[in-house]
Amino acid sequence: MSRTVVITGGGTGIGSACAQLFRQQGDTVFVIGRRAAPLEDVATVSGAIPIVADVSTEEAWQQVILPHIFQHTDHIDVLICSAGGMGLGAVDKVSDALWHQSMRANLDSAFASVRGCLPSLIQQKGNVLFVGSIASFAAGPESCAYVTAKHALIGLMRSVARDFGKEGVRANAICPGWVKTPMADEEMQPLMAQHQMSLDEAYQYVCRDVPLQRPATAYEVALACRFLCSEEASMISGAALVIDGGATVVDLPTLAFT
C-alpha cells in the first residue's frame, strides 16, 4: 500500500538514496532541504516532490512545509530525519556560532520535524527514523559539536519511542559509519591533500581497520532505512541500528597485534 514519506535532508546522500528507494516501491515521497538544485535533481530522477525550506524552525513547518504536503495528501506515514551537517573542532576551538549551527542542523532540525509531523504520525500509527551516526556512541577527533548533537539525537529518538509508543508510533535510528556521500567526500579532502591520495584511496585509508574494509554506499544504508520503516519491523521501536561494516566491534588496544 502506498504511503506518504517525508524526508528531510533529501537532496543528497542518505536522504536522496531513501527518496529513490521509497519511490521505487510506490510511496509518495517529499524531499525537503534548503538548496533547490539538489532537490530538483532528486525529483527528476525519482519523482519525489521537492520542498525548499529550513526544517529546523516551527515557522517553516507550519507556514511552508505542511501546507505544501497537505496540498497533495491528507496524511504522513513516515518521517525520515536525514538533515544534518558537521561541527568540527575541539571544545576549545568551537565558536558559539559553530556550536549553534551544528545543533540546529543535526538536532533542532529533527526536533522541529517530529513536532510538525507528529499529529499525522499518531493518526496513521506511523514511524520516525532518525539518521544518527557511530558518532552517536563514540567521539571522533576534534568533532565536539557534531558528536554532541548526534549523541543527543539518540536521546530524542528514545523519548519519542517512549512517549508515543502507546499511540502506535515507532521511532528508531540508524547509525552509519563511513558512507560515500558528498559530506564524507568533503571530509576526505584534508587526507587527500596531506597524503597525495585519490578520493577512493582516502576512503580505503580511513576504513583500513574496519572489518569489511570499505565504506557503505548510501543505497546500502537506505535499504536498512526501508526495513525499519516497514511492517517487517513492526515490533522494533527505540532501536539504534549500527551500519558501519563492523567498525565499532574493533578492540582498539589490540590493533597492534593485527
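## Exercises on a predicted model

Leaving aside residues up to four places away in sequence, Cys207 touches Trp178, Gln213, Arg214 and Pro215, where contact means heavy atoms within 4.5 Å. Before we start: this is a predicted model, where local features need pLDDT of at least 70, side-chain atom pairs count only at pLDDT 80 or more, and totals for chains, interfaces and linings use all residues. Residues are numbered from 1 along each chain as its sequence is written, and side-chain values use heavy atoms, with hydrogens and water left out.

**Exercise 1. Find where Cys207 lies, and decide whether Cys207 is buried or exposed.**

Step one: look in the loop between α7 (199–206) and β8 (216–217), and there is Cys207. Helices (H or I, at least four residues) and strands (E, at least two) are DSSP runs, numbered from the N terminus.

Step two: Cys207 has 1% relative accessibility, so Cys207 counts as buried. The cut-offs are under 20% relative accessible area for buried and over 50% for exposed, with partly exposed in between (1.4 Å probe, protein chains only).

Cys207 and Gly165 are 42 residues apart along the chain, and their C-alpha atoms are separated by 37 Å.

**Exercise 2. Work out the strand order of the open sheet, and name the edge strands.**

Step one: walk across the 7 strands and you get β3-β2-β1-β4-β5-β6-β9, with parallel pairing. Two strands pair if DSSP finds at least two bridges between them.

Step two: β3 (49–52) and β9 (240–243) are the edge strands, as each pairs on one side only.

Step three: check two of the pairings. Strand β1 (residues 4–8) runs parallel to strand β4 (residues 78–81), joined by 4 bridges, and Val6 stands opposite Leu79 in β4. Strand β5 (residues 127–131) pairs with β6 in the parallel sense over 5 bridges, and here Phe130 stands opposite Ala173 in β6.

**Exercise 3. Explain why strand β6 counts as largely enclosed.**

Step one: go through strand β6 (residues 170–176). 7 of its 7 residues are buried, so the strand is largely enclosed by the rest of the structure.

Step two: sort the residues by direction. In a regular strand the side chains alternate between the two faces of the sheet. In β6, Arg170, Asn172, Ile174 and Pro176 point one way, while Ala171, Ala173 and Cys175 point the other way, and all are buried.

**Exercise 4. Describe how helix α4 packs against helix α5.**

Step one: get the geometry. Helix α4 (residues 96–124) and helix α5 (residues 144–164) pack at about 15°, with axes 8 Å apart. That makes α4 roughly parallel to α5, since angles under 35 degrees count as roughly parallel. Axes are lines fitted to C-alpha atoms, for helices over the stretch in contact, and angles run from 0 to 180 degrees between N-to-C directions.

Step two: pick out the residues that make the contact. Among them are Trp99, Met103 and Phe111 of α4, and Tyr146, Lys150 and Leu153 of α5.

Definitions and conventions
Angles under 35 degrees count as roughly parallel, over 145 as roughly antiparallel, 65 to 115 as roughly perpendicular and the rest as oblique.
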